[in-house]
Amino acid sequence: MLHTKNKTQLPLMGILDIQNTPCARNSILHGAGGSIVAGLVHFLVTSRVKRSFDVGVTGFMLTTLGSWFYCRYNNAKLRVQQRVIQEGIKNKVIYEGTNLDPTRKTKGDA
Amino acid sequence: MAHPSQLGFQDAASPVMEELLHFHDHALMIVFLISTLVLYIIIAMVSTKLTNKYILDSQEIEIVWTVLPAVILILIALPSLRILYLMDEINDPHLTIKAMGHQWYWSYEYTDYENLGFDSYMIPTQDLNPGQFRLLETDHRMVIPMESPIRVLVSAEDVLHSWAVPSLGVKMDAVPGRLNQTAFIASRPGVFYGQCSEICGANHSFMPIVVESVPLEHFENWSSLMLKDA
């Protein structure tokens with residue numbers, strides 16, 4: 001029986017599929033939080049409503065971008081590590097018992 | 001394969017397609033933020049009561065809306081160029097397959113060691129078994145060994161066709177009288193579907209491509225069987 005994954009796709013603003021894009025959901029949530037904090041703090045300090053909204057939107061964009069790049073950079077590092085580990089496992093199996101086996105203990109004779 | 005009402009790309013089955021997916025996510029996030037900003041500016045412009053009849057210039061905002069788009073474009077261009085050059089890297093293929101487009105089927109030739117060739121016709125809807133995919137299944141699949149660089153030489157016998165497999169990140173035009181080359185590595189075993197991507201007549205929608213990626217020993221068994229049947 002063929003099972004298809006039920007991927008509910010509701011792109012944000014018709015563009016960004018948050019649920020299936022890595023890091024997207026967290027970035028948007030961080031952005032929303034940053035936006036609220038920035039706008040609120042600005043309003044509490046200056047009591048200017050419109051400017052606070054502007055600051056909030058700017059905060060949203062900067063926080064989203066920052067969180068996005070940070071998460072994507074970490075994911076990229078993990079992917080590189082994963083590839084190195086995979087190569088290492090593959091090579092270990094291939095080279096087991098030969099001179100190139102990295103786990104082979106050298107016995108002192110050249 | 002694609003699932004019903006799918007909007008995004010299919011899951012990647014090759015390293016190049018993985019990179020393309022990541023770049024797409026990156027570009028899409030930037031586009032989303034720009035759209036949010038533009039939407040906010042529109043709402044602000046429409047709802048403001050402020051007017052100023054005496055603005056002549058404003059150096060600051062002009063600098064901002066010149067420098068910021070330039071920075072955004074650089075942020076998009078650098079990963080894009082990286083992938084472009086990555087896709088053109090010289091690799092050492094383990095296997096070369098010729099894919100020839102006909103009206104309206106594909107034929108594949110494996111001529112590295114023996115002369116193996118076969119045609120790949122779509123299975124008509126009425127002949128499908130339960131669980132098979134409509135308009136996507138073929139009678140013979142192009143079988144390849146997994147995790148090996150594969151070179152595909154694409155051409156056509158009659159009119160323009162295009163050999164495309166989205167999950168492998170591959171699309172290459174099949175031009176009569178011309179040999180086009182593309183290469184890929186299937187990272188995992190599986191069955192990957194594609195369809196002819198250049199209008200080629202009445203049955204253009206009915207000449208799919210099916211690539212089956214298997215471990216090397218299975219590929220060797222398959223090719224021996226195919227040669228025996230030929």
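**View 1. With a relative accessibility of 9%, Glu19(B) counts as buried.** In this predicted model, buried denotes under 20% relative accessible area, exposed over 50%, and partly exposed in between (1.4 Å probe, protein chains only). Arg83(A), at 38% relative accessibility, is partly exposed. The side chains of Glu19(B) and Arg83(A) form a salt bridge of 3.7 Å, N to O; a salt bridge is a side-chain nitrogen of Lys or Arg within 4 Å of a carboxyl oxygen of Asp or Glu. This pair joins two chains, because Glu19(B) belongs to helix H1 of chain B and Arg83(A) to helix H2 of chain A. Helices (H or I, at least four residues) and strands (E, at least two) are DSSP runs, numbered from the N terminus.

Residues are numbered from 1 along each chain as its sequence is written, and chains are lettered from A and ligands numbered from 1 in the order in which they are written. As the model is predicted, local features need pLDDT of at least 70 and side-chain atom pairs count only at pLDDT 80 or more, whereas totals for chains, interfaces and linings use all residues; side-chain values use heavy atoms, with hydrogens and water left out.

**View 2. Asp25(B) and Arg72(A) are joined by a salt bridge between their side chains (3.5 Å, N to O).** Over all chains, the structure contains five salt bridges. Asp25(B) is in helix H1 of chain B and Arg72(A) in helix H2 of chain A, so this pair also links two chains. Both Asp25(B) and Arg72(A) are buried. His26(B) likewise lies in helix H1 of chain B and is buried, at 10% relative accessibility. Apart from neighbours within four places in sequence, His26(B) is in contact (heavy atoms within 4.5 Å) with Trp68(A), Phe69(A), Arg72(A), Leu75(B), Ile76(B) and Pro79(B).

**View 3. The interface of chain B with chain A involves 28 residues of chain B and 27 residues of chain A.** The size of an interface is often given as the accessible area lost when the parts come together. Here the buried area is about 2,400 Å², and carbon and sulfur atoms give 70% of that area; buried area is the accessible area (1.4 Å probe) that two parts lose on being put together, summed over both. Between the two chains there are two salt bridges and three residue pairs in polar contact, with both residues at pLDDT 80 or more. On the side of chain B that touches chain A, helix H1 (residues 15–47) gives the most, with 17 residues. A polar contact is a pair of N or O atoms within 3.5 Å; within protein, one must be able to donate a hydrogen and the other to accept it, and residues adjacent in sequence count only if both atoms are side-chain atoms.

View 4. Leu44(A), located in helix H1 of chain A, is exposed at 64% relative accessibility. In the loop between H1 and H2 of chain A lies Ser47(A), whose phi near 60° is a positive value in a residue other than glycine. Ser47(A) is exposed, at 54% relative accessibility.

**View 5. A cis peptide bond, with omega near 5°, runs from Gln103(B) to Trp104(B).** Trp104(B) occupies the loop between strand S1 (95–102) and strand S2 (105–110) of chain B. Ser107(B), in strand S2 of chain B, is buried at 7% relative accessibility.

**View 6. The side chains of Glu212(B) and Arg141(B) meet in a salt bridge of 3.3 Å, N to O.** The pair links distant parts of the chain, 71 residues apart: Glu212(B) is in strand S10 (residues 208–214) and Arg141(B) in the loop between S3 and S4 of chain B. Glu212(B) is partly exposed, at 22% relative accessible area, and Arg141(B) is partly exposed at 25% relative accessibility.
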